[in-house]
Amino acid sequence: MKKVIIEIDSPEGVERIDLDNEVSIGRTELADVVIDDPGLSRINTTVFRDNEDILVVDEGSSNGTFLNGDRIEGAPRRLFDGDELKIGLDTRVRIEIDDPFASRTPERSKEAEQPSASEPPPPKPKPKPKAPATTDAFRSPEMMLYIGLASIFVIIVGAVILLALFSNGDDSSTASAKTCLDADPQALIPCRLQDPFGGQKQEDIGELVQYFEVQDEIDVKDLNDVSGSDTGTSFEENFNVTVEFFKRMRAKALEKRDGPTGNDPPGQKVPKELHGDGVIKQKAKLREMLQGGYVQPMDYADLAKKRMSGELVELPMATEYWVLEVGSSANEAEFTSFDFGEHNSFPTINPAWPDYGTLSQLAANFSGQRYELTSGTDRKQMKQRLLRMFHPTARPILVGLAKAYHAKFNRPLRVTSLSRSMEYQILLNRTNANSFKVRGKGSLPPHTSGCAFDLARKHMTAEEQNFVMAELARLENEGKLDALREGNVNACFHVFIYPDGIPPKM
């Protein structure tokens, strides 16, 4: 394996690091390399290996990542020897690759193009033979007409063949047949967004698994203390959690380890159950749930209905067993309505609408706590709490997994995604290129089921990750859930629990 060194020149000095797997850079302990540069995001940039390729990805940072002066966005970019990254206010990262074929710097490229003084100059290319003169017969008007018609026929046949090759054969939606060259960027669901569950060909799904359900990291300053409890449920849940307690539990989850951590720490052993073959199972189970009467929540009003009916139950934002880092995109804006109708916007819920009455009823008694719909701060906290819900029959498995991890390592699990509405997922599509893409009616984002959750893992050692994976593999073999190990940009464990405890029919 070729040797790769990243040299980080920051206000704190120069640091040289061997790149064995991946290195993330930011201003908080969530990153592998922490730099006191106020221009950096919490996790700003990640450099990682993919077989023999060296790649860099911007982690949705505020000020961006610049590769040789050009800002990079979206998919990872390949790095070469001599490349330089500019991040934050005053931090530069230089790439050194011990591989002569990896260089693309102008100076080295010119040197490579110049022949050695001791070598003879390359032979001149032989002149190409002249094409034979066109005969008069082929210059005749009749023959030119035949040639033109034949060319048009070949072009049409070729277009039909290409269309057949790239069609996925799914009649449930026509979105995949649209061209994006002149697509309206302001459309509700842009043409460029594709849904790997709703229409992608199966062979393409594997490439999209690592971009499954990522969302932006929660900022503690956006949280508020929560009080109240649910006495009407079988769990008798207590929601009295302060932000200070959340911060302590989160700090405990992120405390410095004795061994190496990261996306692929030495000694990590991934069981076959977590290799990503369960996408088909999740799709099948989601369809079974819909056929059984489950209704995907379209907006926050739908989530409120599910909470009041007990169809979904809220989880405390922190316990000694877990911390819920969810709801990062919740905002203070007024509640809006969404369905897959003709409108290309999210209309504000009018006080005369039934949905407003639903939200008002929940706000008046949110497990003993009162909120005002006219207050932006209250609306944001309501949204965050609605995103902390889970399916009641799947909840014991999540809690059991968290307790097993805590008993082994005395730390809480970091849960980064729980329930979502379709509206929330689409808004996430607009700001996060790595989130599950909603293409239209019939899409099946796993988190709209209330049975899916993501566990952060880059802060864990190989021993911790192996323990969690062994537990997930055991539960999958028992037919209770389906789990995936995601890497690179969204390093996490994505888990989908079967709410009835029965694997889908395949």
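Okay, let's start with a glutamate: E325 is buried, at a relative accessible area of 3%. Before I go on, keep in mind that this is a predicted model.

So what does the side chain of E325 meet? It forms a salt bridge with the side chain of R250, at 3.3 Å from N to O. E325 sits in the loop between strand 13 (322-324) and helix 7 (354-364), while R250 is in helix 4 (residues 243-253), so the pair links distant parts of the chain, 75 residues apart. R250 is buried too, with a relative accessible area of 11%.

Here's another one like that. The side chains of E464 and R257 meet in a salt bridge, 2.9 Å from N to O. E464 belongs to helix 11 (residues 462-477), R257 lies in the loop between helix 4 and helix 5, and the two are 207 residues apart. Are they buried or exposed? Both E464 and R257 are buried.

R16 is partly exposed, at 46% relative accessibility, and E96 is partly exposed at 30%. For the overall tally, the count comes to 29 salt bridges.

Next, a glutamine. Q282 is in helix 5 (residues 279-291), and it is buried, with a relative accessible area of 0%. Which side chains does the side chain of Q282 contact? One is D482, in a polar contact of 3.0 Å. Another is H494, in a polar contact of 3.3 Å.

Last stop, helix 9. This helix covers residues 395-409, so 15 residues, and it reaches 21 Å from its first C-alpha to its last, close to the 21 Å expected at 1.5 Å a residue. Which residues are buried there? They are R395, I397, L398, V399, L401, A402, Y405, H406 and F409. As a reminder when you look at that list, an α-helix has 3.6 residues a turn, so residues three or four places apart point the same way. Just after helix 9 comes N410, which takes a positive phi of about 60°.

That's my tour, thanks.

How values were computed
Residues numbered from 1 in each chain as written. Predicted model: local features only at pLDDT ≥ 70, side-chain atom pairs only at ≥ 80, totals over all residues. Heavy atoms only, no water. Helix = DSSP H or I, 4+ residues; strand = E, 2+ residues; numbered from the N terminus. Buried < 20%, exposed > 50% of the residue type's maximum accessible area, 1.4 Å probe, protein only. Polar contact = N/O pair within 3.5 Å; in protein donor to acceptor, adjacent residues only side chain to side chain. Salt bridge = Lys/Arg side-chain N within 4 Å of Asp/Glu carboxyl O.
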